[in-house]
Amino acid sequence: MRRLLYLLPFLLFLGVGVAFYLGFERDPRDIPSALIDKPAPTFDLPAVPGQPATGGLSSAKLTGDVTLVNVFASWCIPCKAEHPVITRLSREQGVTVFGINYKDKPEDALTWLSRNGNPYAAIGADQDGRVSIDWGVYGVPESYLIDRKGRIRFKHVGPLTPQVVEEQILPMVKHLRQG
Amino acid sequence: MKRLLLAALLALSTLAPALAVQPDEVLPDPALETRARAISQELRCLVCQNQSIDDSNAPLARDLRLLVRDRLKAGDSDDKVMEYVTDRYGDYVLLRPPFKATTLVLWVGPFAVLLLGAAGTFLFLRGRRGVAAGADTAPLSADERRRLDALLRKDD
């Protein structure tokens, strides 16, 4: 019994060591969203000037079906990397994707969209970034999954990858459509 | 010589902390501005993470500084402004985490470890004092006592 007691410090050290080691796996940039399971903020953003075909984006458009809201900018390099993934999600995998164009010059946004294609059902231009602050955006790109009642159910910070889509977004979309 | 002095002065000037708050952000009302600075120093910049928004040059930090000032101008109390920001970014945005159920380990943990250590030390020391007092050692037999006396006498 007393022998075991001598092992205690070693075991404690082992436990702390494992906890810290697992901590390395976590991305310190991935801050949990305060808005999960809360209704999406109320907002009404105009269309990107010169691209009014789809109209702007407002909270009213986020109810009815499960949708993905993607915050992007033409100056954001990872946004270009995730663009094919978003395009596939919208055109082939049947998820309605809305865009929030974050602190972008309208002409840059238009050039970017015509060059890379426009997979968004509608885009709201957030030129001063205020609406994005309401969403808790702290780095583009960010993507939010909205359920049929307009509540935020999932947030991904950083570029969407095929893996994130297959393993997290699509199962969640399926689940939310049933619920 | 003059050039050297100028160079030295220039080098010294870089030692002063760069002010992130731009002149165009400063509120005309000094009382409000003081409150805004105090609040900004409590809020974490989410881009650089270990700076407050008051220190950070990140564009988002500037947007948040402007937001804090807008809320103050709209007549919000300091707590209301803090609440406005934490509603959107969570407790993570606070440089001083609040005391509540989810942060209990953070606040109480070190004291708990200290208490555990103190209890352990106390038990250990009490056990050792028992040994020193000879509580669990048998008294010397007559034979042992004779040998001990013989050994002690040898030194004289």
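**View 1. Chain B, read along its sequence, follows the pattern α-α-α-α-α-α.** The secondary structure of chain B comes to 6 helices and 0 strands, where helices (H or I, at least four residues) and strands (E, at least two) are DSSP runs numbered from the N terminus. This is a predicted model, in which local features need pLDDT of at least 70 and side-chain atom pairs count only at pLDDT 80 or more, whereas totals for chains, interfaces and linings use all residues. Residues are numbered from 1 along each chain as its sequence is written, and chains are lettered from A and ligands numbered from 1 in the order in which they are written.

**View 2. The overall dimensions of chain B are set against those of a compact globule.** The radius of gyration of chain B is 33 Å, while a compact globule of 156 residues would have one near 15 Å; this radius is taken over C-alpha atoms, and the globule rule is 2.2 Å times the number of residues to the power 0.38. Along the principal axes, the C-alpha atoms of chain B fill a box of roughly 95 × 60 × 25 Å. Of the 156 residues in chain B, 15% are buried, a residue being buried if 20 or more other C-beta atoms, placed from the backbone, lie within 10 Å of its own, exposed if 12 or fewer do, and partly exposed in between.

**View 3. Chain B is divided into domain 1 (17-98) and domain 2 (102-154).** These bounds come from an automatic or database domain assignment, and the centres of domain 1 of chain B and domain 2 of chain B, taken over C-alpha atoms, are separated by 55 Å. Among the contacts in chain B with a separation of 6 or more, 46% are between residues 24 or more positions apart, two residues being in contact if their C-beta atoms, placed from the backbone, lie within 7 Å.

**View 4. On the side of chain B that touches chain A, 12 residues of chain B are in contact with 11 residues of chain A.** Helices α3 (59-73) and α4 (78-89) of chain B each supply at least two residues of this side, and its largest share, 4 residues, comes from α4(B). By class, this side of chain B has 6 nonpolar, 3 polar and 3 charged residues, with Ala, Val, Leu, Ile, Met, Phe, Trp, Tyr, Cys and Pro counted as nonpolar, Asp, Glu, Lys and Arg as charged, and the others, Gly among them, as polar.

**View 5. In chain A, 5 strands form an open sheet of mixed pairing in the order β5-β4-β3-β6-β7.** The edge strands are β5 (122-126) and β7 (152-157) of chain A, each of which pairs on one side only; two strands pair if DSSP finds at least two bridges between them.

**View 6. Strand β6 (residues 142-146) of chain A runs antiparallel to β7(A), to which 5 bridges join it.** Within this pair, Tyr144(A) has Lys155(A) as its bridge partner in β7(A), and Leu145(A) has Phe154(A). The two strands form a hairpin with 5 residues between them, and Gly150(A) in the turn has a positive phi of about 85°. Strand β3 (residues 67-72) of chain A also pairs with β6(A), in the antiparallel sense over 5 bridges, and Thr67(A) stands opposite Ile146(A) in β6(A). Both faces of β6(A) are covered, with Glu142(A), Tyr144(A) and Ile146(A) buried on one side and Ser143(A) and Leu145(A) buried on the other.
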